[in-house]
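Open the model in your viewer and keep the selection tool at hand. The tour below goes stop by stop.

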Amino acid sequence: MRKRHKEKLKRKQRRIKNRVTIRTLFLLIITLIFNTYAWFTYFNTISANITAHVDKWHIQFKIDDEVVEREFPIAIEHAYPGMANVEKEVTVLNDGERDAKIDYAIKSVRIFDDVFIASDQMSSGDTVPTGATLLRSSDLINKIENEYPFFLSLETANNNNTLTAETEAVLKITFTWDYESGDDEKDTLYGTTAYDFYKANPGKNAIELVVKIIVTQNEETASTSEPEPEP
């Protein structure tokens, strides 16, 4: 009798325990469902009410209506005192929403047989030709402007080199060698060098440059994007 009573008691305890376990699981599932729904609703509400505007940034370069890369070559076929000016115009189109600053650098130049490379403008994977002289771009520009009887000038239409959004500017590159540059010794030296170069290298360009245009965002006019207000 006592044994039967104990077994009955155990069965009752097991039923109670099972009910508690099922109830606990049920409450846990309900809690998870409500928490998940609340998170989903909150996330979607935040996503729907915050809309950030990202300004478009796009610059394009053209020479003679042909799209070119920001690095492009310029070739001077013949160079001699009194030659006609060689001019090249690069159109810089800012079809984005940010104002831009325009600058330039000479990446490399070959003047007859002498090759100069701007070390600070080289990209990964670029190789330096054998015998080339490495200089900084600013030093290379200074060398061209002061050590030769010919001149290379690069200038934009506007003085402050600023290109506002949705406008374009023209970068004008001009190579000149006046008949009398004011330095007879240099004129004679490089005139003779040019003659000897043409004789030894028929069909080869006298001077070749790679010009790199540098366009950066004008931070002074950069707009700050803010969330749009809720309707």
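Now select residues 37-43. pLDDT again stays under 50, with zero contacts beyond four places in sequence. Where pLDDT is low, predicted coordinates should not be read in detail. Mean pLDDT for the protein is 75, and 68% of its residues reach 70 or more.

This is a predicted model: local features need pLDDT of at least 70, side-chain atom pairs count only at pLDDT 80 or more, and totals for chains, interfaces and linings use all residues. Residues are numbered from 1 along each chain as its sequence is written, and side-chain values use heavy atoms, leaving out hydrogens and water.

**Strands**

β4 pairs antiparallel with β1, residues 59-63, over four bridges. β4 also pairs antiparallel with β10, residues 167-176, over nine bridges. Pick Asn 94: Ile 59 is its bridge partner, and Thr 167 in β10 stands opposite.

**Val 109**

Next, select Val 109. Beyond its neighbours within four places in sequence, Val 109 has contacts that include Phe 116, Leu 140, Ile 144 and Ile 207.

Technical notes: Two strands pair if DSSP finds at least two bridges between them. Helices (H or I, at least four residues) and strands (E, at least two) are DSSP runs, numbered from the N terminus. Contact means heavy atoms within 4.5 Å. pLDDT is the predictor's confidence in each residue, from 0 to 100.
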